[in-house]
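This briefing covers one protein chain, shown below. It begins with a single residue and then moves to the wider fold.

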Amino acid sequence: MGWKLVVAAVGLIGAAVSARGWAQSRETAVASQSVNAESITAMVGRLDLERYKATIKGLTAFGDRRQGTDRNRKAVDWIEAQLKSYGCTNTERMKYNFEPGPPRARRPRPPAGETPTAVGGGRPRGNRVATGVNTDPEKQPDAELRALDSQPSTPGPREEVYCTKIGTSHPDEMYILGGHMDGIGWGEAANDDGSGTALVMEVARVLNSPDVKTERSVRFILWNNEETGLNGSKAYVEQRESLQGKENPPGSGRYPEPKWLGMITHDMMLFDHGMPRADGAMSKEQRPEADINIEFQSNSKFAAESQALAWVLERADEKYATDYPASVSSHMTNTDSSSFMDVVPSLSVRENERGTQIGSGWDPQWHQPTDLYKTYSDADFRLGLNAAQTTLAAIADLAGARVVK
Ligand SMILES: [Zn+2]
């Protein structure tokens, strides 16, 4: 990034800080930063590669967790039990109904001579390979997993689980951290999105430690029906936007839906092996220059505030993430944060940019039978762990989290 752009970005942060309420919590956080740095370091140190891997492995026991199946419902139950065991005991279920609509229309190709754009608005570059969703059970060579993934989805009632760390001084305001727990493709959905679900669960575990207090609330939510078109997160916005900040019952000090300060979703955290080669082959190893991609959507109502929030995460990565850097870009798309982006500052955190990179074939396991726990190495899992360190550090700062002795 050129220095002029940096100056412009910093200017935008300043504008956003004075413009919106969420940013005031940022100012508060900055004021207490010197106190907090020690606490944040301690909390980030409670994240651990083996625990993160174990949580992903636990999710893969339910196969691809396709929405509208028993294996999906069992996974929701398991996630809820885990959250409770971490001390996030106030779990709740968001209920909605899902009826599949007509298949989504394909994006038309641009007219000849026009610069192509990827979904989300970015410009794809370099080698590209085809992507798609596997729907053929026979492509899954593991007979046991094929059987586990075989029950078809049935339309009807759906549930998704969340729990909330209640803020001590501002219980009526919250940050939302999400990942989608449903998957597709006749694999184990280990990366898409066991990796993001496990990240949110691990951050929930740390922030709900008995000795951690936060000034503001933080909600941990595992979206369902992401793969069918963000239906679980859209239902949440529809049902709960108008409940924000209301004390219920009046005088109780309880806020069933604290005011939304920001929404960060985590989707595919593990695999950044670079661009496909000219022959379509991929590097077998995580590239050493792998990065965490933090995306906001420039074409959204909260673009400036979302960008400011993105830089908070980027700085958290610089300060607290152990191995991999983070990059900020402006074409967030096809993720549960999209449901929130015109209502509240919203970000996506991923292994790659969704539109220009994943959409160009940078993740060959995407929606494929090869998205298995055993596909990934520790260098892959470590990228997800670094994203967890980044989100935890940023949210601990923003929400005023500290370890109390
Ligand atoms: Zn996903």
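Ala189 is buried, with a relative accessible area of 2%; buried means under 20% relative accessible area, exposed over 50% and partly exposed in between, with a 1.4 Å probe and protein chains only. The model is predicted: local features need pLDDT of at least 70, side-chain atom pairs count only at pLDDT 80 or more, and totals for chains, interfaces and linings use all residues. Residues are numbered from 1 along each chain as its sequence is written, and side-chain values use heavy atoms, with hydrogens and water left out.

**Backbone geometry**

- Most residues other than glycine have a negative phi, and most peptide bonds are trans.
- Ala189, which is not a glycine, has a positive phi of about 45° and is found in the loop between β3 and α7.
- His367 also has a positive phi, near 60°; this residue lies in the loop between β9 (346–350) and α10 (378–398) and counts as buried at 9% relative accessibility.
- Asp192 and Asp193 are joined by a cis peptide bond with omega of about 10°, and Asp193 belongs to helix α7 (residues 190–207).
- The peptide bond from Asn248 to Pro249 is cis as well, with omega near -5°; Pro249 sits in the loop between α8 and β6.

**Strand β5 and its partners**

- Eight of the eight residues of strand β5 (residues 216–223) are buried, so β5 is largely enclosed by the rest of the structure.
- Strand β2 (residues 156–165) pairs with β5 in the antiparallel sense over five bridges; two strands pair if DSSP finds at least two bridges between them.
- Strand β3 (residues 170–180) runs parallel to β5, joined by eight bridges.
- Ile221 in β5 is the bridge partner of Tyr162 and stands opposite Gly178.

**Helix α8**

- The buried residues of α8 (residues 231–240) are Gly232, Ser233, Ala235, Tyr236, Val237 and Arg240.
- Their cover includes β1 (92–98), β2, β3, β5 and β6 (259–266).

**Whole chain**

- The chain has 10 helices and 10 strands, which are DSSP runs numbered from the N terminus (helices H or I, at least four residues; strands E, at least two).
- Its radius of gyration is 20 Å, close to the 22 Å that the globule rule gives for 405 residues, so the chain is as compact as a globular protein of that length. The radius is taken over C-alpha atoms, and the rule is 2.2 Å times the number of residues to the power 0.38.
- Of the 405 residues, 56% count as buried.

Notes:
Contact means heavy atoms within 4.5 Å.
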